[in-house]
Amino acid sequence: MFYSKSYKLKHPNPQFARENFEILDGIWNFAFDDNKDFVNDFPVDCLKIRVPFTYQSYNGLNIPTKDNDIIWYHKKIVITKLYASIDLVFLGCDYELILYVNKKYVGKHLGGYDQVRFNISEFLSLGENELTIKVVDYKKKDIIRGKQTTSSIEGCFYECVTGIYKSVYLEFHEKSYIDNYYLSTSYLNQKMRLEVNTINCVNKILKVEIFENKSLILSKKFEIASDKIVQEIEVNNIKPWSNNNPQLYDVILTICDEKIIYDKIFTYIGFQDYKVKNGRFYVNEEDTYLKGILYQGYYDKGFYTGQNEDYKKDLLLIKKMGFNFVRIHQKIEDPRWLYYADCLGLYCTLEIPSSKEFSSNYEKNYLKETSRIVLDNINHPCVFSLILFNESWGINNVKNDKLTQDFVLNCYNYYKKLYPNLLVCSNDGWEHVKSDICSIHNYAPEGEKLYLFEKKQYDLLLKNGDALANEANYHIYAQGYKYQNELIILSEFGGYGLNIDDSKNAWCYGKASSNVDDYILKLTNMYHYIKKLDFIRGICYTQFNDIYPELNGIVSIDRKEKIDIKILKKLNDLL
């Protein structure tokens with residue numbers, strides 16, 4: 001099932017893998033900021049931390065977030081060969097990262113959810129070298145934070161994630177290399193469009209090879225006339241990628257000339273087409289009902305950081321439950337997590353983590369930061385939708401403020417132009433502006449209550465172009481915007497708690513069930529009534545696992561199943 005060439009390299013990022021790399025995960029020196037500069041002299045009596053676990057996590061140091069959240073990392077590495085280019089890659093580090101190599105400043109990066117790559121060749125020498133990293137994790141409310149709290153942990157906001165929380169590694173290559181790429185595919189048109197950005201590659205050759213299993217099915221060469229190569233390639237007799245048939249193809253992108261190979265990237269693709277037509281969702285022209293689960297990506301001992309087996313276990317379990325869709329909520333998942341979703345055929349959202357406040361600084365930086373996040377993840381076949389905002393977090397006045405609405409609309413238009421096959425959701429839950437998906441959050445405690453409410457609101461939606469999402473009086477559309485036959489998804493509902501231990505501090509939507517039978521009855525009742533709402537073409541149940549005080553997971557925080565998942569599979573099969 002998990003077979004791609006890039007994955008077999010054991011590379012941390014199967015979507016962008018080179019053969020020559022070195023993983024730096026493991027024990028690093030660690031220190032909290034003491035109003036000192038640790039670049040020249042890292043404290044001898046420092047702490048030790050296992051990267052990529054953050055200091056807040058149990059697998060890190062199990063220390064609550066500090067008010068002055070400035071931390072330092074230090075590690076010695078050995079370089080046995082001086083390559084023309086050596087990149088230091090961080091797949092995830094929150095929030096401001098400042099890098100020093102051998103006590104010299106290299107650069108800094110702002111952003112907690114995108115990948116960071118520094119070319120450190122000129123700072124290295126043969127033998128032992130030192131990496132020193134300063135991380136500042138601001139508590140500002142107008143930066144992209146997701147579910148991370150800015151004060152105390154409460155409700156659905158959790159502990160901060162400070163510093164390195166995904167893998168760190170070195171990659172070795174020549175001075176002529178591939179910087180990034182976007183591969184857009186279509187099963188219906190039997191085509192792949194590639195946009196490859198290169199460095200120092202003019203007058204060289206880009207070779208593109210596509211493999212089905214181990215057999216080469218296509219090989220093309222293109223002369224490189226500028227730093228960006230854009231080509232459309234016909235690929236005949238291909239199989240579609242979908243939930244029922246997650247067919248993947250290996251791809252090798254090579255920069256070369258007649259004598260030398262300068263760079264080689266191993267990746268993979270699936271051929272698929274996503275679209276909405278007359279309020280229904282189609283995958284490769286097949287009418288598809290989205291049956292989803294809300295996934296927050298928190299792990300018992302690692303918080304944001306899971307491990308390879310965790311990703312596989314979660315996604316296999318989700319598929320066994322009968323879901324075909326995962327809403328990754330307010331977090332950007334690890335590339336290996338998304339790789340397993342690609343292999344299993346699970347449709348996934350790419351949801352931009354929200355801020356808590358709007359400001360001119362947030363507006364200025366939003367597209368800059370999110371563009372990097374999207375480019376890091378857009379090549380995964382499983383990603384069918386981009387969620388720009390959630391429940392108006394960070395765009396609090398979008399309901400009736402024209403300037404805020406224009407900002408959201410500009411973001412929607414920006415991504416639709418760049419990625420026309422991607423479904424863009426403007427504001428998941430309510431108060432949509434222009435959007436490909438009309439997503440609704442409704443935590444009505446009973447199926448019949450939800451059914452009667454949403455049926456009445458749908459009639460109003462068709463009549464007036466707007467209605468209420470739920471009884472909290474949130475409108476589905478922002479003022480001045482109307483329903484235009486978008487795909488309607490009940491993208492958050494249920495949230496039922498199962499509180500067998502009778503924990504006083506536990507939290508869920510409504511009153512928690514004290515026994516399994518009552519819990520199953522609530523679920524069955526809700527599914528029964530949702531099935532009657534034929535205008536709803538997708539659901540997303542809240543949520544996969546318990547987190548902190550929340551007990552509304554189908555499984556516990558340590559992934560123990562609360563009910564027989566065959567019951568859930570039968571309910572999903574009804575839709």
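Modeller: Take Cys425. Its relative accessibility is 1%, so Cys425 counts as buried. Keep in mind that this is a predicted model.

Biologist: Which cysteine sulfur is closest to that of Cys425?

Modeller: The one in Cys438. The two sulfurs are 8.6 Å apart, too far for a bond.

Biologist: And Cys348, buried or exposed?

Modeller: Buried, because its relative accessibility is 0%.

Biologist: How far is the sulfur of Cys348 from the closest cysteine sulfur?

Modeller: The distance is 4.0 Å, to the sulfur of Cys382. A disulfide needs the sulfurs within 2.5 Å, so 4.0 Å is too far for a bond.

Biologist: How many disulfides does the structure hold, then?

Modeller: The count is 0.

Biologist: OK, strands next. What is the order of the strands in the open sheet?

Modeller: The order is β16-β15-β18-β19, 4 strands with antiparallel pairing.

Biologist: Which ones are the edge strands?

Modeller: β16 and β19. Each of them pairs on one side only.

Biologist: What about the twist?

Modeller: It averages 15° from one strand to the next.

Biologist: Let's zoom in on β18 and β19. How many bridges join them?

Modeller: There are 8, and the two strands run antiparallel. β18 covers residues 249–256, and β19 covers residues 261–269. Together they form a hairpin, with 4 residues between them.

Biologist: Which residues stand opposite Asp250 and Ile255?

Modeller: Asp250 faces Tyr268 of β19. Ile255 faces Asp263 of β19.

Biologist: β19 is an edge strand. How many of its residues are buried?

Modeller: 7 of the 9. That is why β19 is described as largely enclosed by the rest of the structure.

Biologist: Now helices. At what angle do α7 and α8 pack?

Modeller: About 10°, with the axes 10 Å apart. α7 spans residues 516–532, and α8 spans residues 565–574. Angles under 35 degrees count as roughly parallel, so α7 and α8 are roughly parallel to each other.

Biologist: Which residues make the contact?

Modeller: From α7, they are Ile520, Leu523, Thr524, Tyr527 and Lys531. From α8, they are Ile567, Leu568, Leu571, Asn572 and Leu574.

Biologist: How do those divide into nonpolar, polar and charged?

Modeller: 7 are nonpolar, 2 are polar and 1 is charged.

Biologist: Let's switch to the backbone. Where are there cis peptide bonds?

Modeller: One joins Val51 and Pro52, with omega about 15°. Pro52 is in the loop between β3 and β4. Another cis bond runs from Thr542 to Gln543, with omega near 10°. Gln543 is in the loop between β30 and α8.

Biologist: Why point those out?

Modeller: Because most peptide bonds are trans. Likewise, most residues other than glycine have a negative phi.

Biologist: Which residues have a positive phi here?

Modeller: Among them are Asn213, with phi near 55°, and Glu285, with phi near 70°.

Biologist: Where do they sit?

Modeller: Asn213 is in the loop between β15 and β16. β15 and β16 both belong to the open sheet we went through. Glu285 is in the loop between β21 and β22.

Biologist: What's the relative accessibility of Glu285?

Modeller: It is 44%, so Glu285 counts as partly exposed.

Note on methods. Residues are numbered from 1 along each chain as its sequence is written. This is a predicted model: local features need pLDDT of at least 70, side-chain atom pairs count only at pLDDT 80 or more; totals for chains, interfaces and linings use all residues. Side-chain values use heavy atoms; hydrogens and water are left out. Buried means under 20% relative accessible area, exposed over 50%, partly exposed in between (1.4 Å probe, protein chains only). Two strands pair if DSSP finds at least two bridges between them. Axes are lines fitted to C-alpha atoms, for helices over the stretch in contact, and angles run from 0 to 180 degrees between N-to-C directions. Angles under 35 degrees count as roughly parallel, over 145 as roughly antiparallel, 65 to 115 as roughly perpendicular and the rest as oblique. Contact means heavy atoms within 4.5 Å. Ala, Val, Leu, Ile, Met, Phe, Trp, Tyr, Cys and Pro count as nonpolar, Asp, Glu, Lys and Arg as charged, and the others, Gly among them, as polar.
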